[in-house]
Amino acid sequence: MKTKGKKKHLRCCQAGILVSSLLFMLCGCQREEPEPEPVVTTYETFEETVAGVETTRTTEDGESVPIQLTLWYNDTAAAPYYEAAAADFHERYGVEVVCTYVDDVKYLEAVNQANINGSGPDLFIASNDAVRKLWMAELTKENALYTEDFWNDHYPLVAQQAMNSGGKMYGYPVYFDTSMMIYDAAVTSLPQSFGSITDFAVNFVDETNTRVLFRWDIGDPFYDYLFLGTGAEVLGENGEDTAQFNINNESVVQNMTYYQSLHEYFSIDVETSSYEQVKEELVNGTLVYGIVKTDVLSDWNTFGSSYAICPVPPLSDTLPVQSLSVTYGAFVNSYTNQPEYANLFGAYLSYEYAQNQFGLTKCVSARADIDRPEVNEQLVFQQYCTSKSVPKALENGDFWVHMEICFKNIWNGADVASELNSLQEKMTERLK
């Protein structure tokens, strides 16, 4: 009897679907249905997600206490922003946010261990290269508030690629780091290319015998990566497609051959170069050109007054560069007991309070549609928009080690094509 009943129910459903389809077709002939209005996400709609959520909780003793969120971070430079945003968030919603600096080399492992102990944070700040690890380890869930239109309206493509893993969006992008060119505007002009820098080097006369023409931390792959240019294919646009790895094509060979030629003009010792050396020469006012990270903005007042920054120029008219960037986001812990407010505070850091970030910390917000009154902030954001987000595939860790060796060998005169082929072979085997 049950089987017959199921068949009868199925026939009724099929008949109903047929009638509905015919009615729809008849109505369609008479008039067109209006297009549904697109859903527009704003911060106000974020607030609606927590409108019915209590800001207090009841303890085991029956006492009503305010909800409290915990945010973990491991970069002290951004601390003033977190504290100010937390205070503002508390005033608006009545939810306190405790911001905690966690000084741990194994930061994400510390988050996981705290979860096991029942004391994990509600949110934590992490870099985009960890996104894939986070969701695979079930430490975070998808971004619960931003629609596709919202992403497109308020964040550049590089920020979206940074937060994308497995075709899904995770975390709330807060700020970023990338590499820039810095130069002494009292001595030279805005560099149009590396060719203009080498032309300057040939003709420059240093009467004080104190000037360093060009310096960057040549042993750091974060800076070296830009010399690969736009022809390098490293794990796809989202940095995790292991089938896409091509670093020994003709375009990259040309770029790296030019890179090697710079050794004739700038005798940087790959074994002793350091970022601290670059900063020291900026403070002393002896550096003419350099490649720096965005953290120089927080030290700007300690440098000579004639320094200026700009996006890293191309090597030549036909040889482009592409800087790397790291995007830092607020990730909601999968084990939080108050996911609604945790997501809202993540969006608060990423979107609502973003206008205040640069003034408080000199960290540059990843949000696109805010006013940037300071030229340096505008220039850094411009560089970010054209950068390549640092890869996040689990297997790419070896790449940085092998890449550093490859660049050192090329700088010191090794055959460019051979070194790139060796790097390609190592990574092809690693990524199988």
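Student: Which side-chain oxygen reaches to the backbone nitrogen of Ser251 at the start of H10?

Tutor: That of Asn249, which comes to within 3.1 Å. A polar contact is a pair of N or O atoms within 3.5 Å; within protein, one must be able to donate a hydrogen and the other to accept it, and residues adjacent in sequence count only if both atoms are side-chain atoms. One caution: this is a predicted model, where local features need pLDDT of at least 70 and side-chain atom pairs count only at pLDDT 80 or more, while totals for chains, interfaces and linings use all residues. Residues are numbered from 1 along each chain as its sequence is written, and side-chain values use heavy atoms, without hydrogens and water.

Student: Why is Glu138 called exposed?

Tutor: Its relative accessibility is 54%, and exposed means over 50% (buried under 20%, partly exposed in between; 1.4 Å probe, protein chains only). Therefore Glu138 counts as exposed. Glu138 sits in the loop between H5 and H6, with a positive phi near 60°.

Student: How do you know that Asn209 is exposed?

Tutor: The relative accessible area of Asn209 is 70%, so Asn209 is exposed too. Its loop lies between H8 and strand S9.

Notes:
Helices (H or I, at least four residues) and strands (E, at least two) are DSSP runs, numbered from the N terminus.
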